[in-house]
Amino acid sequence: MPGASQLADVLADIIEGKIVKRAKHELRWNGRDVSPEFVNVLAEYGYIPTTVDALAVAPGERVPAFYVDEGYAYFGWVFWEKFTQLKLRKLFGSIIRNSLGDWAIQIPAQRKTVIYANPALKAEMDIENPSGF
């Protein structure tokens with residue numbers, strides 16, 4: 001049976017996104033939900049539990065984040081979506097898309113849903129083209 005260090009390595013691969021594409025991942029290992037272990041490894045990589053609203057991100061910036069729900073981890077970004085010069089909204093948008101090409105998982109700032117974000121990895125983005133992630 002594979003050991004805990006092998007599991008931690010697999011989970012780290014998901015978080016880093018270098019070997020494994022960061023998208024939607026089922027968090028099952030030998031038939032059991034390993035979401036708590038994933039959250040522990042997220043902490044080791046600087047991801048903190050927060051909400052979209054509490055995360056400091058300005059328009060034109062994005063912060064990588066994971067949403068963990070019912071045995072799945074969804075990778076995405078917290079950023080400001082621009083509709084017009086005066087209308088913006090802050091949200092978590094998953095990398096995976098729905099059939100309309102929009103973010104399959106959207107968590108607006110008003111929701112108190114816990115996500116795991118790494119503010120140290122904040123980066124600039126093109127606010128005019130957020131779908132170009």
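Modeller: One term first: buried means under 20% relative accessible area, exposed means over 50%, and partly exposed is in between (1.4 Å probe, protein chains only). What you see above is a predicted model, where local features need pLDDT of at least 70, side-chain atom pairs count only at pLDDT 80 or more, and totals for chains, interfaces and linings use all residues. Residues are numbered from 1 along each chain as its sequence is written, and side-chain values use heavy atoms, with hydrogens and water left out.

Colleague: Which residues is T50 in contact with, leaving aside its neighbours within four places in sequence?

Modeller: Contact here means heavy atoms within 4.5 Å. With the neighbours within four places in sequence set aside, the partners of T50 are L55, T113, V114, I115 and A117.

Colleague: How many of the contacts with a separation of 6 or more come from residues 24 or more positions apart?

Modeller: Take the contacts in the chain with a separation of 6 or more, and ask which of them join residues 24 or more positions apart. Their share is 58%.

Colleague: What residues does A23 touch, not counting those up to four places away in sequence?

Modeller: A23 is in the loop between α1 (4–16) and β1 (24–26), and at 15% relative accessibility it counts as buried. Its C-alpha atom is 5.8 Å from that of Y74, even though the two are 51 residues apart along the chain. Not counting residues up to four places away, A23 touches A73, Y74, F75 and I96.

Colleague: Why is the pair of F38 and F66 called what it is?

Modeller: Rings of Phe, Tyr and Trp (its six-membered ring) pair if their centres lie within 6.5 Å; planes under 30 degrees apart count as stacked, over 60 as edge-to-face and the rest as tilted. A search of the whole structure finds seven such pairs. The ring centres of F38 and F66 are 5.4 Å apart and the planes are at 80°, so the pair is edge-to-face.

Colleague: Where in the chain do F38 and F66 lie?

Modeller: Both residues are buried. The pair links distant parts of the chain, 28 residues apart: F38 is in helix α2 (residues 35–44) and F66 is in strand β5.

Colleague: Which residues form one aromatic cluster with F38 and F66?

Modeller: One of them is W77, in strand β6 (residues 72–82), and W77 is buried with a relative accessible area of 10%. Together with F38 and F66, the cluster is formed by Y47, F75 and W77.

Colleague: How far apart in space are K122 and W77, C-alpha to C-alpha?

Modeller: K122 is in the loop between β9 (115–117) and β10 (123–124), and at 34% relative accessibility it counts as partly exposed. In sequence K122 and W77 are 45 residues apart, while their C-alpha distance is 9.6 Å.

Colleague: What is phi of E70 near?

Modeller: E70 is in the loop between β5 (61–69) and β6, and it is exposed, with a relative accessible area of 68%. Its phi is positive, in a residue other than glycine, and is near 45°.

Colleague: And phi of N30, what is that near?

Modeller: N30 is in a loop too, between β2 (28–29) and β3 (32–33), and it is exposed at 53% relative accessible area. Its phi is a positive value in a residue other than glycine, near 50°.

Note on methods
Helix = DSSP H or I, 4+ residues; strand = E, 2+ residues; numbered from the N terminus.
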